[in-house]
Amino acid sequence: MIRTVAGLFMTALLFILIGCSNQDSKKQEQGHTEEKTTQVTVWSDKTELFMEYAPLVSGKKNALLIHLTRLADGKPVKGALQLTLRPETGQPVTVMAPAPSRQGIYQVELTPLANSNYTLELQPQSPGFSDLIRVPGIVVGTVAAQPKSAKTAHQEQPAEKHDDHAGHGHDDHDHTATAHDHADATAPVIGDGGGSIAFSKEQQWSLDTLIRQPVRKPLSNRITASGELIAASNAEATVAAPLSGIVSVSRPLPYLGKRVAKGELIALIDPPLRPEGGAGQLNAAHAEARNRVTLAWQEHERAQRLYEAKIAPRKRVEEAAAALDSARAALTPLEKSAALLGGDGNGRLTVRAPISGTVVEVVSGTGKGIEAGQPIVRIVNTGTLWLKASLPALDAGKLTSAPSASFTVAGQEGTFATGRLVSVGDMLDPQSRTLPVIFSVTNPGSRLKVGMFATVSVATGEAQEGLVLPLEALVEDEGRFFLFVQTSGERFSRREVQIGSKQDGLVQVLKGLDEHDRVVVKGVYYVKQAATGSRKEDPHAGHAH
């Protein structure tokens with residue numbers, strides 16, 4: 001029994017050793033294959049080329065695996081592909097691939113005629129898309145050393161290193177491949193370019209990854225705040241009944257959303273059943289006020305004559321003048337009311353719009369009794385609105401004397417600009433602990449509506465020029481900021497950067513980025529996940545560097 005168990009144990013151990021030996025052998029073979037395979041990445045204005053091939057031999061068919069990506073949308077190139085292998089001297093070799101073998105991937109065989117240095121020209125040809133990509137320095141066989149040109153001499157320089165250990169990256173490992181030279185953004189990259197994060201072209205295409213170079217433009221520091229569109233104070237009016245009565249059924253009230261002009265008839269009011277507050281009371285009050293003005297004027301004239309005849313003192317004239325002014329002051333609003341009401345000739349009072357605008361609320365209804373001062377409709381002129389921004393208390397002190405702002409509204413495309421600054425509050429709202437700041441907003445076509453909520457971006461200083469990327473390219477980790485930079489077709493590195501201003505979905509990068517760098521701006525999450533996987537599989541992990 002003991003011998004049987006011991007025999008089984010030895011057999012299992014032998015299988016394990018054989019398995020480990022086979023795995024080591026496979027790894028060695030893979031490493032040997034990888035050493036022989038050359039990877040080249042080239043960017044034109046329209047296309048990214050990522051190509052892999054084994055050492056090229058003249059007089060034989062040599063396979064090239066070519067990945068082509070449109071830079072505009074990050075999608076694979078479709079259609080035919082023409083390749084021309086052009087030697088320094090002699091006849092070029094041209095082949096045509098009518099379509100990719102797989103999406104975006106072309107498998108092409110070329111037969112060079114002689115050992116030489118070549119330039120490979122690729123011309124993708126698909127409906128609505130064409131390009132010409134040149135790859136110099138393609139070596140076939142063993143050729144004599146050539147003088148290095150300014151364009152290719154950089155390729156033998158060591159990869160530029162970025163210390164990423166604080167963020168647990170390994171981009172500073174010693175890679176034999178060369179990095180992308182910032183001095184010449186169009187030069188080919190041989191190998192992985194120093195990137196430690198593997199992310200295949202198929203993954204990039206399927207996960208909608210988009211890569212962009214930063215642009216240089218001015219940005220200013222800005223405060224993000226919540227806001228609301230409200231009616232301007234002089235662009236809103238509530239039309240109320242000047243007198244008691246009944247809203248006449250002979251004239252329908254304007255409907256909700258109807259545009260009305262200043263002076264347009266809004267409602268007719270029939271006289272009330274009771275005289276109090278109606279047209280009769282207004283007429284009586286108006287007549288009484290006119291009589292008081294007449295009597296006061298006559299008394300003033302009499303006092304003036306007596307004073308001139310030295311019969312009455314100056315004080316009597318002053319008292320008469322004061323009484324006349326008081327009577328006229330009481331008459332003025334009654335005359336305005338009478339003029340506004342007018343009448344339709346049938347004893348009904350007319351109510352007209354005091355401003356032009358849109359009816360946003362209908363309070364009363366036809367046939368209903370109404371008291372003096374009771375609202376009928378509310379009108380808002382939406383040609384110009386106000387944007388009320390609520391700045392957080394911590395940011396209130398950053399506001400300049402003449403701030404500018406822009407804003408977005410949910411459900412509306414684009415960013416809207418504000419006009420003049422209307423007012424800045426002198427105290428914080430005790431409930432929300434925010435400072436109200438109001439801007440004027442022009443609203444052609446009434447695209448914006450009163451009551452809409454907005455996300456407001458308020459400038460706090462002068463714009464400074466720098467390298468700018470979409471904000472979604474940024475990754476924050478414990479208060480530090482990182483970008484994922486493409487070093488070659490299928491390799492990336494995590495780069496720590498220092499950021500500046502943020503504005504309208506953009507962020508300014510102050511340090512850690514070059515204008516020729518290519519940064520992941522869409523699909524960042526997937527590259528971050530790939531970085532985590534790369535770190536787990538990194539053979540250098542745990543080693544001291």
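A residue is called buried when its relative accessible area is under 20%. The views below show parts of a predicted model.

**View 1. F407 and F416 form a stacked aromatic pair.** Both F407 and F416 are buried. A pair of aromatic rings is described by the distance of the centres and the angle of the planes. Three aromatic pairs are counted in this model. In the pair shown here, the ring centres of F407 and F416 lie 5.4 Å apart and the planes meet at 25°. Planes under 30 degrees apart count as stacked, so the pair of F407 and F416 is given that name.

**View 2. Y525 and Y526 form an edge-to-face aromatic pair.** The distance from centre to centre is 5.5 Å, and the angle between the planes of Y525 and Y526 is 75°. Y525 has a relative accessibility of 54%. The cut-off for exposed is over 50%, so Y525 counts as exposed. Y526 has a relative accessible area of 37% and is partly exposed.

**View 3. R314 lies over the face of Y307.** The distance from R314 to the ring centre of Y307 is 5.3 Å.

**View 4. R494 lies over the face of F482.** Here the distance from R494 to the ring centre is 3.9 Å.

**View 5. The second largest cavity has a volume of about 100 Å³.** The model has four cavities of 30 Å³ or more. The lining of the second largest cavity is made up of E48, T69, R70, L71, G74, K201, Q204, W205, T209, L210 and I211. Sorted by class, this lining holds four nonpolar, four polar and three charged residues. Strand β3 (62-70), helix α2 (201-206) and strand β12 (210-212) each provide at least two of the lining residues. The largest contribution to the lining comes from α2, which gives three residues.

**View 6. Q204 is a residue of helix α2 and lines the second largest cavity.** Is Q204 buried or exposed? The relative accessible area of Q204 is 4%. Buried means under 20%, so Q204 is buried. Which backbone oxygen does the side chain of Q204 reach? It is the backbone oxygen of F199, at 2.8 Å from the side chain of Q204.

Methods
Residues numbered from 1 in each chain as written. Predicted model: local features only at pLDDT ≥ 70, side-chain atom pairs only at ≥ 80, totals over all residues. Heavy atoms only, no water. Phe/Tyr/Trp six-rings, centres within 6.5 Å; stacked < 30°, edge-to-face > 60°. Buried < 20%, exposed > 50% of the residue type's maximum accessible area, 1.4 Å probe, protein only. Lys NZ or Arg CZ within 6 Å of the ring centre and 35° of its normal. 1 Å grid on protein atoms, 1.4 Å probe; cavity = no way out; pocket = protein on both sides within 12 Å on 5 of 7 lines; lining within 4 Å. Points joined across faces, edges and corners; volume = space filled by probe spheres on them. Helix = DSSP H or I, 4+ residues; strand = E, 2+ residues; numbered from the N terminus. Nonpolar A, V, L, I, M, F, W, Y, C, P; charged D, E, K, R; others polar. Polar contact = N/O pair within 3.5 Å; in protein donor to acceptor, adjacent residues only side chain to side chain.
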